[in-house]
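I opened my notebook to look over one protein chain.

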Amino acid sequence: MDSIEEKRVYGDREGAITAYVASAIGVVRVRVAGDTVGEFGLCERCEARDIAATRDAVAVATDEDVRIRALEDGADTDDAGDEPFVKTGFGPAVAVGYDDGGDLIAADPDGHLACRAAGSEEWTTLEDETVAAVRAIDGDLVGTDSGVYRAHDGGLDHAGLTDVRDVSAAGVPLAATADGLYKLGNGWMEILEGQFDAVAADPRSEPGRLVRAHAVASDAVYEYAADDDEWRERAGDRSSGRIVGVGYGDTVYAVTESGTFCSASDGEWRTRTLGVTGVTGLAVPPR
């Protein structure tokens, strides 16, 4: 691990932000400024299965527990701590996500879900029976092998679809499924056909309007063009591996399953190898 723990320093860059990558050996903290990747290093050793962030915190689902770390304006409060993430007592988790109010939702391997309200240290059960195999949580959306559920009033309602691989709640709810990419309007409406594995939207999107959004199919990446309300296949390098997470800052960021960090630059991907494998997700705290 010497290669990853050695810092790559690119100097002081105005507007630099921190992204977090979840992997089989832990959480990697990556400093980026625009499309330039700077220093990066392992900040938490664990088997990270999913990751999510707000302006105030980053949460990671691990094989032992849900762990969280407090942030201040999207930045680390303690870069030198040996135990920067704090256990929450949830137990083994496969997915985590924050809703609009900053409440943390988590799912365990058996499909049980619970919520940890913002400012609280207690978990409240949303569903004490097995829902399904949970694959993704974003906002109030829960993506499972039996469809999308919506969390509200301390419970869950099934909202349609099947075999959901990923969900995005910002602006217009989106779902990546085994047979297509869908958006929620008057019911779920198909946008694109085919198998989709990941979907994300810029958190600055407003209700009913997407600012930026991306969806990952088995053989292509699609991006949403707000100027004409169309999804287009994104040109660029596909040789870096399968993208498993997308995030937003001054530009678009992505990470592959094999540990390549990508930043969008002039229609192409600029890439940096992070030295980890088994990557499961990317979180970029909004600013």
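My entries below go from the whole chain to one strand and its neighbours, and then to the cysteines.

**Entry 1: the whole chain**

I noted that this is a predicted model. I counted the elements of the protein chain and got one helix and 29 strands. The chain has 287 residues, and 53% of them count as buried.

**Entry 2: strand β27**

I picked strand β27, residues 260-265. Are its residues buried or exposed? Six of the six are buried, so the strand is largely enclosed by the rest of the structure. I then asked which residues lie on each side of β27. T260, C262 and A264 are on one side. F261, S263 and S265 are on the other. Both faces are covered. I wrote down the general rule beside this: in a regular strand, side chains alternate between the two faces of the sheet.

**Entry 3: the β26 side**

Next I looked at strand β26, residues 252-256. It runs antiparallel to β27, and three bridges join the two. I looked for a facing pair and found Y253 opposite S263 in β27. The hairpin of β26 and β27 has three residues between the strands. There, G259 takes a positive phi near 95°.

**Entry 4: the β28 side**

I turned to strand β28, residues 268-273. How many bridges join β27 to β28? I found six, and these strands also run antiparallel. S265, one of the buried residues of β27, stands opposite E268 in β28. The hairpin of β27 and β28 has two residues between the strands. In this hairpin D266 takes a positive phi, near 55°.

**Entry 5: cysteines**

I searched the whole structure for disulfides and found zero. The cut-off for a disulfide is 2.5 Å between the sulfur atoms. C43 has 10% relative accessibility, so it counts as buried. C46 is buried as well, with a relative accessible area of 10%. The cut-off I used for buried is under 20%.

Terms used:
Residues are numbered from 1 along each chain as its sequence is written. This is a predicted model: local features need pLDDT of at least 70, side-chain atom pairs count only at pLDDT 80 or more; totals for chains, interfaces and linings use all residues. Side-chain values use heavy atoms; hydrogens and water are left out. Buried means under 20% relative accessible area, exposed over 50%, partly exposed in between (1.4 Å probe, protein chains only). Helices (H or I, at least four residues) and strands (E, at least two) are DSSP runs, numbered from the N terminus. Two strands pair if DSSP finds at least two bridges between them.
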